[in-house]
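Trainee: I would like to go through the terms used for this model and check each one against its value. Can we take them in turn?

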Amino acid sequence: MTTSKTQKIIDDINRKIAAGELNPGDQIPSAAELRAEYGVSITVVRGAINWLKATGAVKGVPGVGVFVAEDK
């Protein structure tokens, strides 16, 4: 079974949160950094970030960035 590019980013960020590599309040990499790291389009990155926001794993701060949720 193949994993979509969006799902790979979601899984990797969730794994990093679970493993303690990303802690509550930590900023996740920028969209540009994620695009470069995964070799994907901005649309794929935005889809992954929007999914993570919808599940409560991360919170966006307009003009600042996206951070691991404090209450996750």
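Trainee: Which residues of the largest nonpolar core touch the most other members?

Mentor: This is a predicted model. Its largest nonpolar core has 18 residues, and those that touch the most other members are Ile9, Ile13, Ile28, Ile49 and Leu52. Helices α1 (5-19), α2 (31-38) and α3, together with strand β2, each supply at least two residues of this core. The largest share, five residues, comes from α3.

Trainee: Why is isoleucine 10 called buried?

Mentor: Isoleucine 10 has a relative accessible area of 4%. The cut-off for buried is under 20%, so isoleucine 10 is buried. In soluble globular proteins, nonpolar side chains tend to be buried together.

Trainee: Where is isoleucine 10 found, and what does isoleucine 10 touch?

Mentor: Isoleucine 10 is in helix α1. Leaving aside residues up to four places away in sequence, isoleucine 10 touches Ala48, Trp51 and Leu52. A contact here requires heavy atoms within 4.5 Å. Between isoleucine 10 and isoleucine 49 there are 7.6 Å in space, C-alpha to C-alpha, although they are 39 residues apart in sequence.

Trainee: Which residues does leucine 52 touch?

Mentor: With residues up to four places away in sequence again not counted, leucine 52 touches Ile10, Ile13, Asn14, Ala57 and Val58.

Trainee: What makes β1 and β2 a pair of strands?

Mentor: Pairing needs at least two bridges. Strand β1 (residues 58-61) and β2 have four bridges, in the antiparallel sense, so they meet the definition of a pair. Glycine 60 stands opposite valine 66, which is in β2. The hairpin of these two strands has three residues between them, and there glycine 63 takes a positive phi near 80°.

Trainee: How much space lies in the largest pocket, and which residues are closest to its centre?

Mentor: The largest pocket holds about 190 Å³ of space. It is lined by 13 residues, of which Ser30, Ala31, Ile49, Gly65 and Val66 are the closest to its centre. Both α3 (42-54) and β2 (65-68) supply at least two residues of the lining, and the largest share, five residues, comes from α3.

Trainee: How many residues of that lining are nonpolar, polar and charged?

Mentor: Seven are nonpolar, four are polar and two are charged. Gly counts as polar in this scheme.

How values were computed:
Residues numbered from 1 in each chain as written. Predicted model: local features only at pLDDT ≥ 70, side-chain atom pairs only at ≥ 80, totals over all residues. Heavy atoms only, no water. 1 Å grid on protein atoms, 1.4 Å probe; cavity = no way out; pocket = protein on both sides within 12 Å on 5 of 7 lines; lining within 4 Å. Points joined across faces, edges and corners; volume = space filled by probe spheres on them. Core = buried A, V, L, I, M, F, W, Y, C linked by side-chain atoms within 4.5 Å. Buried < 20%, exposed > 50% of the residue type's maximum accessible area, 1.4 Å probe, protein only.
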